[in-house]
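Trainee: Before I use this entry, I would like to go through the labels attached to it and hear what each one rests on.

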Amino acid sequence: SAINGLEGVKKALGGNYDIVLMDIQMPFMDGIQATKKLREEGFQKPIIALTAFATQADRMKCIDVGCSDYLTKPVQTEDLLQVLNTYIVS
């Protein structure tokens, strides 16, 4: 886990993670900026946006910057498992 977007970018680029769960509201660098930076740096693994913003425009903003998928908070376990299952490579 990362405490802000900048730390999240560093961890994602330096680690071996299969999926990134990206909180959209974070200090220093928000999830939108962090996702954009990861994609610019060539990060190709799935990034799932987690946000309390639930409008279609909010969803499209996340997808447009490179998020693979989008879940609204509070996240329901069934919804999270369904999205994760979409990206799990056997």
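Mentor: Helices (H or I, at least four residues) and strands (E, at least two) are DSSP runs, numbered from the N terminus. Leu21 lies in strand S1. This is a predicted model, in which local features need pLDDT of at least 70, side-chain atom pairs count only at pLDDT 80 or more, and totals for chains, interfaces and linings use all residues. Residues are numbered from 1 along each chain as its sequence is written, and side-chain values use heavy atoms, with hydrogens and water left out.

Trainee: Why is Leu21 called partly exposed?

Mentor: Buried means under 20% relative accessible area, exposed over 50%, and partly exposed in between, with a 1.4 Å probe and protein chains only. Leu21 has a relative accessible area of 41%, so Leu21 is partly exposed.

Trainee: What makes Phe28 count as exposed, and where is Phe28 placed?

Mentor: The relative accessibility of Phe28 is 76%, and therefore Phe28 counts as exposed. Phe28 sits in the loop between S1 and helix H2 (31-40), and its phi is positive, about 70 degrees, although Phe28 is not a glycine.

Trainee: Which residues does Leu21 touch, leaving out those up to four places away in sequence?

Mentor: Contact means heavy atoms within 4.5 Å, and with that exclusion Leu21 touches Ile48, Leu50, Leu80 and Leu84.

Trainee: What makes the largest pocket a pocket, and which residues lie nearest its centre?

Mentor: On a 1 Å grid over the protein atoms alone, a pocket is an open set of points where a 1.4 Å probe fits, with protein on both sides within 12 Å along at least five of seven lines, and lining residues have an atom within 4 Å of a point. The lining has 16 residues, of which Ser1, Ala2, Gly8, Val20 and Leu21 lie nearest the centre. Helix H1 (5-14) and strand S1 (20-23) are the elements that give two or more residues to this lining.

Trainee: How do you know that the radius of gyration agrees with a compact globule?

Mentor: The radius is taken over C-alpha atoms, and the globule rule is 2.2 Å times the number of residues to the power 0.38. With 90 residues, a compact globule would have a radius near 12 Å, and the protein has 12 Å, so the value agrees.
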